[in-house]
Amino acid sequence: MTKVVKLGEVCSKILSGGTPSTEKSDFWNGNIPWITSADVQGHFTVTPRKFLTEKAGADILPAGNVLVVTRVGLGKVAVNDQPLAFSQDLQGLILKPVIDSKFLVYGLSEKLQKFKVISRGATIKGVTRDDLVNIEIPLPPLPEQRRIAALLDRADALRQKDRQLLAHYDALAQSVFLDMFGEEGRWPTVNIEAISNGKGSMRTGPFGSDLLHSEFVEKGVFVLGINNVVNNRFEWAKSRFITEEKYEKLKRYTVYPGDVLISIMGTTGRTAVVPDDMPAAINSKHLVAITLNKHTAVPMYLTYSFLYDPDVRYQLKSQNKGAIMDGLNLGVIKALKIKQPPLSL
């Protein structure tokens, strides 16, 4: 059975960062790398942009140890490949020889959700040193740690290649779409309401007391939200349900196979088509669901217009409203102008 220890037990020392006074010119432009959380761009990619002199008196994290972002950018974890100093948004873990730095980085990455749950602070969320040292991690023998880290290195490299391939295909899809539909003035334009299936075919989900958080249950009728469309394709993300009895009261919000879903709060303008095998479901107030008139438009054309048509993107950007987070509304979506090429095309 693998031993489980607290993070503090595998650290000989934990360094807290800080920002030397920018008013003292003799503290800066030296040869000591100094980073902020923005300079941590991957588990093994730390790119300093500023440098200190010895007069700054900053603590230095020796190379081959671990950096944890605990405030702004909360949850980033990386191995430093060179000695460096860092800002107050990070903690530096000087490791005992019982743990491999790569193994620890991968292990801590799995704790990111816990970091966010235990985060504190009204303006800048963060975790304290006590929170950090008490995180529990598995501690297999050192050779096993290195074997696991090597496997995860290979898996991470494959993920990076997948991301590059997906980006290539996305660019190709955009190019094809613009080649077919991008020319201004070639097709008539209509508002989205005109290609919907009539009254009630464009709807947001229940607001306010119509659906309370306390009414969600373990199983039943799906309630779809932003997380189902955030990657611009339908995904079975974290599921929320209401009872059959509650669904009877909210049937007007039913989502049907082939409907187009568009996010209108928070991360706006994300879109997906409801799959053909969708069981009974309603949409939340964060989504607009559109049932299209099948004689005027096909769902994937509408979703790709949201993704790739520069005119539609401009309309969305100019209509975003909300002091704290972006927000659209049903009226804005109904009024959006979209090109209407022949249905066959």
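**Charged pairs, sheets and rings**

Reader: Is Asp309 buried or exposed?
Author: Asp309 counts as buried, because its relative accessibility is 2%. Buried stands for under 20% relative accessible area and exposed for over 50%, with partly exposed in between (1.4 Å probe, protein chains only). Please note that this is a predicted model, in which local features need pLDDT of at least 70 and side-chain atom pairs count only at pLDDT 80 or more, while totals for chains, interfaces and linings use all residues. Residues are numbered from 1 along each chain as its sequence is written, and side-chain values use heavy atoms, with hydrogens and water left out.

Reader: With which residue does Asp309 form a salt bridge?
Author: Its partner is Lys339, at 2.9 Å from N to O. The term requires a side-chain nitrogen of Lys or Arg within 4 Å of a carboxyl oxygen of Asp or Glu. Lys339 belongs to strand 20 (residues 337–339) and Asp309 to the loop between helix 6 (299–308) and helix 7 (310–319), so the pair ties together parts 30 residues apart in sequence. Helices (H or I, at least four residues) and strands (E, at least two) are DSSP runs, numbered from the N terminus. Lys339 is buried too, with a relative accessible area of 7%.

Reader: How many salt bridges does the structure hold?
Author: There are 13. In general, side chains of opposite charge can pair when their charged atoms come close.

Reader: What about Lys334, which residue does it pair with?
Author: Lys334 forms a salt bridge with Glu193, and the closest N and O atoms are 4.0 Å apart. This pair links distant parts of the chain, 141 residues apart: Lys334 is in helix 8 (residues 330–335), and Glu193 is in the loop between strand 12 (189–191) and strand 13 (202–204). Lys334 counts as partly exposed at 25% relative accessibility, and Glu193 counts as partly exposed at 42%.

Reader: And Asp210, what is its partner?
Author: Asp210 forms a salt bridge with Arg252, with 3.9 Å between the closest N and O atoms. The two tie together parts 42 residues apart in sequence, because Asp210 lies in the loop between strand 13 and strand 14 (221–224) and Arg252 in the loop between helix 5 (244–249) and strand 16 (260–263). Asp210 is partly exposed at 32%, whereas Arg252 counts as exposed at 52% relative accessibility.

Reader: On to sheets. What is the strand order in the open sheet of 4 strands?
Author: The order is 13-19-16-17, and the pairing is antiparallel; two strands pair if DSSP finds at least two bridges between them.

Reader: Which strands stand at the edges?
Author: Strand 13 and strand 17 (271–273) do; each has a single partner strand, so one side of each is left without a neighbour in the sheet. From one strand to the next, the twist averages 20°. Strand 16 and strand 17 pair over 3 bridges, and Leu261 stands opposite Ala272 in strand 17.

Reader: Which helix lies across strand 16 and strand 17?
Author: Helix 6 lies across strand 16, strand 17 and strand 19 (287–290), and runs at about 165° to strand 17. Axes here are lines fitted to C-alpha atoms, for helices over the stretch in contact, and angles run from 0 to 180 degrees between N-to-C directions; contact means heavy atoms within 4.5 Å.

Reader: Which way do the residues of strand 7 point?
Author: Val66 and Val68 point one way from strand 7 (residues 66–69), Leu67 and Val69 point the other way, and all are buried. Strand 7 runs antiparallel to strand 8 (residues 77–79), with 3 bridges, and Val66 has Val79 as its bridge partner there. Strand 7 is also joined by 4 bridges to strand 10 (residues 90–95), again antiparallel, where the bridge partner of Leu67 is Gly92.

Reader: Finally, how many aromatic pairs does the structure hold?
Author: There are 10. One is Trp28 with Trp34: the ring centres are 5.3 Å apart and the planes at 85°, so the pair is edge-to-face. Rings of Phe, Tyr and Trp (its six-membered ring) pair if their centres lie within 6.5 Å, and planes under 30 degrees apart count as stacked, over 60 as edge-to-face and the rest as tilted. Trp28 counts as buried at 12%, and so does Trp34 at 5%.

Reader: Which residues form the aromatic cluster?
Author: Phe177, Phe181, Tyr301, Tyr304 and Tyr308 form one cluster.
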